[in-house]
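Subject: Structure for you to look at

Hi,

Here is the structure I said I would pass on, with the sequence alongside. Have a look at it first, and then read on for my notes.

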Amino acid sequence: MKVWATVVGFLILVIVLMLISTHIILGAADKIESELSGLYENVIKNDYKLANSNYLDIVKKWGKYKKGWAMLIEHQEIDKIDEELTKIKEYLLEQDRTLLLSEISLLKFYIRHVREMILLKIENIF
């Protein structure tokens, strides 16, 4: 009886930790995607001053989320996000609209990909 109680307690702990980590990543992904949408819209409007402000907000938020994500997801995904942020910074300096929009869209894709990876789905298990 004592062994079963320990096993059930451990399973409940694992499920609770999994739900908390999913909640953390989904919340952060929503906030970053929202900021990326603002950045995208400002680039469309050719307002690079405001776009630069959006970019700095994204980098600041990403710096906070990155440490938590590093414990929960593969580092390859984090590296891809870092690379895209670096490219966006350079294209913002150059004010290269076409490449900037492309990289923002790619970064959104990576953020959505992380969101899909963390969700409990059959395809993520097998």
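Helices α2 and α4 are roughly parallel to each other, because an angle under 35 degrees counts as such and their axes cross at roughly 25 degrees. Please keep in mind that this is a predicted model. The axes of α2 and α4 come within 14 Å, and their crossing is left-handed. On the α2 side the contact is made by Tyr 48, Trp 69 and Leu 72, while α4 brings Arg 97, Leu 100, Ile 111, Val 114 and Ile 118. Sorted by class, the contact of α2 with α4 has seven nonpolar residues, no polar ones and one charged.

Now to the other two helix pairs that involve α2.

Helix α1 covers residues 2–44 and helix α2 covers residues 48–72. Their axes come within 9 Å and cross at roughly 165 degrees. Angles over 145 degrees count as roughly antiparallel, so that is how α1 and α2 run relative to each other. The crossing of α1 past α2 is left-handed. From α1, the contact takes in Ser 21, Ile 25, Ala 28, Ala 29, Lys 31, Ile 32, Glu 35, Leu 36, Gly 38, Leu 39, Asn 42 and Val 43. From α2, the partners are Tyr 48, Leu 50, Ala 51, Asn 54, Tyr 55, Asp 57, Ile 58, Lys 61, Trp 62, Tyr 65, Trp 69 and Leu 72. By class, the residues of the contact of α1 with α2 divide into 16 nonpolar, four polar and four charged.

Helices α2 and α3 pack at an angle of about 165 degrees, with their axes 11 Å apart. That angle makes α2 roughly antiparallel to α3. Here too α2 passes α3 in a left-handed crossing. The α2 residues in this contact are Tyr 48, Ala 51, Asn 52, Tyr 55, Ile 58, Val 59, Trp 62, Lys 66, Trp 69 and Ala 70. Facing them from α3 are His 75, Ile 78, Ile 81, Asp 82, Leu 85, Ile 88, Lys 89 and Leu 92. The residues of the contact of α2 with α3 divide into 13 nonpolar, two polar and three charged.

Next, the core. In soluble globular proteins, nonpolar side chains tend to be buried together. The largest nonpolar core in this model has 28 residues. Which of its members touch the most others? They are Leu 36, Leu 39, Val 43, Trp 62, Trp 69, Ile 81 and Ile 88. The elements giving two or more residues to this core are α1, α2, α3 (75–94) and α4 (97–118), and α4 gives the most, with eight residues.

Leaving aside its neighbours within four places in sequence, Trp 62 is in contact with Ile 32, Trp 69, Ile 78, Ile 81, Asp 82 and Leu 85.

Most residues other than glycine have a negative phi. Asn 46, in the loop between α1 and α2, has a positive phi of about 60 degrees although it is not a glycine. Gln 95, in the loop between α3 and α4, has a phi near 55 degrees, again a positive value in a residue other than glycine. Asn 46 counts as partly exposed because its relative accessibility is 46%. Gln 95 is partly exposed as well, with a relative accessible area of 46%.

Finally, here are a few residues at or towards the surface.

- Asp 57 is found in helix α2 and is partly exposed, with a relative accessible area of 35%. The C-alpha atoms of Asp 57 and Leu 39 are separated by 9.8 Å, and the two residues are 18 apart along the chain.
- Ser 105 lies in helix α4 and counts as partly exposed at 36% relative accessibility. From its C-alpha atom to that of Val 16, 89 residues away along the chain, the separation is 33 Å.
- Glu 123 sits in helix α5, residues 122–125, and counts as exposed at 55% relative accessibility. Its C-alpha atom is separated by 30 Å from that of Thr 6, which is 117 residues away along the chain.

Best wishes

Technical notes:
Residues numbered from 1 in each chain as written. Predicted model: local features only at pLDDT ≥ 70, side-chain atom pairs only at ≥ 80, totals over all residues. Heavy atoms only, no water. Axes fitted to C-alpha atoms, helices over the stretch in contact; angles between N-to-C directions. Helix = DSSP H or I, 4+ residues; strand = E, 2+ residues; numbered from the N terminus. Parallel < 35°, antiparallel > 145°, perpendicular 65-115°, else oblique. Left-handed = near helix turned anticlockwise from the far one by under 90°. Contact = heavy atoms within 4.5 Å. Nonpolar A, V, L, I, M, F, W, Y, C, P; charged D, E, K, R; others polar. Core = buried A, V, L, I, M, F, W, Y, C linked by side-chain atoms within 4.5 Å. Buried < 20%, exposed > 50% of the residue type's maximum accessible area, 1.4 Å probe, protein only.
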